[in-house]
Amino acid sequence: MSASAGTTTPPAFSPTGTFVPGEPWSSGVRRGPDGALSVAGVDVRELAVAQGTPAYVLDEADLRERARSYRRAFEAAFAEVGAGVDVYYAGKAFLSVAVARWVHSEGLRVDTATGGELAVALRAGVPGEHIGLHGNNKSDAEIARALDAGVGRIIVDSLAEVERVAAASRARGGAPAPVMIRVTTGVHAGGHEYISTAHEDQKFGLSLATGGQGATAPGAQDEDSPAMTALLAVLAHPELELLGIHSHIGSQILDPSGFEVAARKVLELRAALAARTGFLVPEVDLGGGYGIAYLPGEVALDPDRIAKDVAASVAASSADLGTPLPRFSIEPGRAIVGPAGLTLYTVGTVKPVRVGSEAAAGVAVDETLVRTYVSIDGGMSDNIRPSLYGAAYHAELANRLSDAEPVLARVVGKHCESGDIVVHDVLLPGDVRAGDLLAVPATGAYGRSMASNYNHVPRPPVVAVTDGETRVLVRRETEDDLLALDLG
């Protein structure tokens, strides 16, 4: 479904009326005979009474199974070609102490992008050697904390950062800091320009492109790429251990070919560095970005398929280059937590609006079309992705059955923005009314982690559901929380 402003073709509306278990819902979601949804045996009506709305609801068993699936799929596929692999959970999708413990207990490591995420992983008891630290602009304090925690890898994002990590490591006088160099491969992938991270004109990584970058490291040449220059700079520092090369090409990727092309480019860089220096980096990280289903009928990337395809591709590339396979790592985040979560809302104002052709964002429509605006008690403060990326979501009536004819609806929030839209277009029962519950699936990733207090709205809780039981992982914010930060 095209959900962004400026749509030029009519959207494909999501179905309603007959709930179908499976994607985009977590495996524990069911609809009972009375029409109410339940998650892992917990009736959402009871959950709404106990926890209030809006609320993020996380299916623990579903999340754990997705973590296991990625680990098992990649371990098996890479073992077939003679390579080892580590799976890092990309904490930026959503990280809490409980989630960090869950994924680590399932055999995953944890990738963090800030000092705050690092603090959560450490609080969860994840060993430092099983944590990675990302970030294009790490502070000196973040670098120092990572080194003090003994993180297994710091992913260096710029030439300047090579020097800063080396200085911090030298000040501690201990073992060399393990670093990876993040490179931009030029492979474009992802569902939106802002989540496609391997093209040249953006903030992440060091380019593979050559041509007059300037030699700024011992052994570097004027025609070397920034990526090669950074690798040589790391090798020149005794305070640093060059652990590997890192690549991440984007997010919400549904075509696996991009991973294979990017992996080939990274392995070529690895071989070129070995030819120059005799040093063959031991690890290569292929990043994450594995796509999920957000709408009924969409199909997520299959971990078994992508693992086998990528393993076969890197084996062939290594054979062509005449280099032994390194150890690999990957970083799924959304693919593990996204489908495991839903957001539960209460309906407030329901307003039919007659839509003219000019009001339909470029879509040619019948002048008699009526769109029903269904306002909920949350909005862009708990799910910014539709406003930020034009992301498409589904919604269903969650508290009862309805035999009313479906109507074209737009699910909107309570904020003072016309772009405060959670679901751009969906068919909902025509009798949807104040007090009803709506459930929006596939919100486990980038819902709570990107949430804000816009309009001074407290952020919702994160509630885990398991075997008919609920547990609050992150409590609901209160107005007292907001006022406590305001020192007058």
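This is a predicted model: local features need pLDDT of at least 70, side-chain atom pairs count only at pLDDT 80 or more; totals for chains, interfaces and linings use all residues.
Are α2 and α3 oblique, or are they roughly parallel to each other? Residues are numbered from 1 along each chain as its sequence is written, and side-chain values use heavy atoms, with hydrogens and water left out.

Helix α2 covers residues 60–80 and helix α3 residues 97–105, and the two pack at an angle of about 45° with their axes 9 Å apart. Helices here are DSSP runs of H or I with at least four residues, strands are runs of E with at least two, and both are numbered from the N terminus; axes are lines fitted to C-alpha atoms, for helices over the stretch in contact, with angles from 0 to 180 degrees between N-to-C directions. Angles under 35 degrees count as roughly parallel, over 145 as roughly antiparallel, 65 to 115 as roughly perpendicular and the rest as oblique, and α2 and α3 are therefore oblique to each other. The contact (heavy atoms within 4.5 Å) is made by E60, L63 and R64 on the α2 side and by V99, W102, V103 and S105 on the α3 side. By class, this contact has four nonpolar, one polar and two charged residues, where Ala, Val, Leu, Ile, Met, Phe, Trp, Tyr, Cys and Pro count as nonpolar, Asp, Glu, Lys and Arg as charged, and the others, Gly among them, as polar.

Helix α2 also meets α9, and the axes of α2 and α9 come within 8 Å and cross at roughly 30°; α2 and α9 are therefore roughly parallel to each other. Their contact is made by S69, Y70, A73, F74, A77 and F78 of α2, together with residues of α9 that include P303, I306, A307 and V310, and by class it has eleven nonpolar, one polar and two charged residues.

A search of the whole structure finds seven aromatic pairs, a pair being rings of Phe, Tyr and Trp (its six-membered ring) with centres within 6.5 Å, called stacked if the planes are under 30 degrees apart, edge-to-face if over 60 and tilted otherwise. One of them joins Y70 and Y290 in a tilted arrangement, 5.4 Å centre to centre and with 40° between the planes. This pair links distant parts of the chain, since Y70 is in helix α2 and Y290 in the loop between β12 (283–285) and α9 (303–321), 220 residues apart.

Turning to the strands, an open sheet of three has the order β1-β2-β3 with antiparallel pairing, where two strands pair if DSSP finds at least two bridges between them. Strands β1 (29–31) and β3 (42–43) stand at the edges, each with a single partner strand, so one side of each is left without a neighbour in the sheet. Strand β2 (residues 37–39) and β3 pair over two bridges, and V42 in β3 is the bridge partner of V39. In the loop between β2 and β3 lies A40, which has a positive phi of about 55° although it is not a glycine.

Most residues other than glycine have a negative phi, and most peptide bonds are trans. The peptide bond from E23 to P24, however, is cis, with omega near 10°, and P24 lies in the segment before β1.
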